[in-house]
Amino acid sequence: MLETKLGSLRLANPVLSASGTYGSGWEGRTFSDLSRVGGLVSKTVTLRPRHGNPPPRIWETASGMLNSIGLENKGVEWFLADTLPKMRTLGPKLIINIGGETLAEFVQLAELFCSAGIDALEVNLSCPNVQEGKLLFSTDPRMTERTVAAVKRVANVPVFAKLSPNVTDITPIARAAEQGGADGITAINTLIGMAVDWRKQKPVLSRGIGGLSGPAIKPVALRMVHEVAKCVRIPIIGVGGARTAEDVLEFLCAGASAVEIGTASFVDPAVFVGIVDDLERLLTEVGSSVGAMSRSMLRNLPQPPPMHGRQAELPR
Ligand code: SIN
């Protein structure tokens, strides 16, 4: 009933942790039985260690949170030696999120992880918190396509492209990711925002701006998942403000096949397993399944009228 598929990756249920919000999962292992979660998505791993941005770099907002972490992590060498073996003991499918400053770095990271043995790669094309948007590949369809294609050439696992909402239209970027061979799209990363300290008359976050996440962005994320679902054939991982089983079902209806839970785990680090239980209960109540719910709003879309009627109305 809860099973779902992301390309060739089968998940026991559609509930995933969102990159950057739950460490590697290892940090949260004492709060619940993580083997019951569909999958864990790691914090972005880069080739070299990164200190990230100076504090303050987290700020709670009404119904959300701003972060400007700046991809702090200890680098791939550490991750492979220390973190990945720990993640493997937790049980769920492992999706490793990678971030490169160049195409070559993405490829190198993909090669390293694929030879280490993981279940899927999530390619972070959309971090808003680094200098001059250096890692913001997904505002440009050509860069998106080239990066995904380069990663796909060396990957032996499904590759998901994580896209930015900070664009006028996400659909050409989603199509570019599909064109590059992506097995799925993760939508969306955070929305760029700002908090202001009026007493100091300056921004709260040291970098000035940060990425907004949490329930405040759910309607935007649902809209973007739906837009992407209408223009690509590959599966979508919805992310943005989901914190309950009902939220997960909304994302599934809008076009997702799985849903990442992020900011909600700051409030309740055991949130994932609660959502899995509630999903099972709600779907039993209505006699449905994750498969039937997923993309259901697309099946309900009105069909275009027959061509012969429309052609006559076209301007000449
Ligand atoms: C960060 O580390 O700054 C957040 C990562 C992201 O938004 O992709």
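This is a predicted model: local features need pLDDT of at least 70, side-chain atom pairs count only at pLDDT 80 or more; totals for chains, interfaces and linings use all residues.
## The ligand site

Ten residues are named around the ligand, and they come from several parts of the sequence: Lys 43; Asn 67, Ile 69, Gly 70 and Leu 71; Asn 124, Cys 127, Pro 128 and Asn 129; and Asn 189. By class, this shell consists of five polar residues, four nonpolar residues and one charged residue.

The side chain of Lys 43 places an N or O atom 2.6 Å from a ligand oxygen. On its own the ligand has 260 Å² of accessible area, of which the protein covers 92%.

## Two helix pairs

Two packed helices are described by the angle between their axes and the distance between those axes. Helix H2 covers residues 103–116 and helix H3 covers residues 141–154; their axes come within 9 Å and cross at roughly 30°. Angles under 35 degrees count as roughly parallel, so H2 is roughly parallel to H3. The crossing of H2 past H3 is right-handed.

In the second pair, helix H6 (residues 245–254) packs against helix H8 (residues 271–286) at an angle of about 65°, and the axes are 8 Å apart. H6 is therefore roughly perpendicular to H8, as angles of 65 to 115 degrees are placed in that class. H6 also passes H8 in a right-handed crossing.

## Backbone features in loops

Most peptide bonds are trans, and most residues other than glycine have a negative phi. The model contains exceptions on both counts. The peptide bond from Pro 55 to Pro 56 is cis, with omega near -5°. Pro 56 belongs to the loop that links strand E4 (39–41) to strand E5 (58–61).

Ala 187 and Ile 188 are also joined by a cis peptide bond, for which omega is about 15°. Ile 188 is located in the loop between strand E10 (184–187) and strand E11 (191–193).

Ser 63, a residue other than glycine, has a positive phi near 60°. Its position is in the loop between E5 and strand E6 (64–67).

Conventions:
Residues are numbered from 1 along each chain as its sequence is written. Side-chain values use heavy atoms; hydrogens and water are left out. A residue is near a molecule or strand if one of its heavy atoms lies within 4 Å of it. A polar contact is a pair of N or O atoms within 3.5 Å; within protein, one must be able to donate a hydrogen and the other to accept it, and residues adjacent in sequence count only if both atoms are side-chain atoms. Accessible areas come from the Shrake-Rupley method with a 1.4 Å probe; for residues, only the protein chains shown count as cover. Ala, Val, Leu, Ile, Met, Phe, Trp, Tyr, Cys and Pro count as nonpolar, Asp, Glu, Lys and Arg as charged, and the others, Gly among them, as polar. Axes are lines fitted to C-alpha atoms, for helices over the stretch in contact, and angles run from 0 to 180 degrees between N-to-C directions. Helices (H or I, at least four residues) and strands (E, at least two) are DSSP runs, numbered from the N terminus. Angles under 35 degrees count as roughly parallel, over 145 as roughly antiparallel, 65 to 115 as roughly perpendicular and the rest as oblique. A crossing is left-handed if the near helix is turned anticlockwise from the far one by less than a right angle, and right-handed if clockwise.
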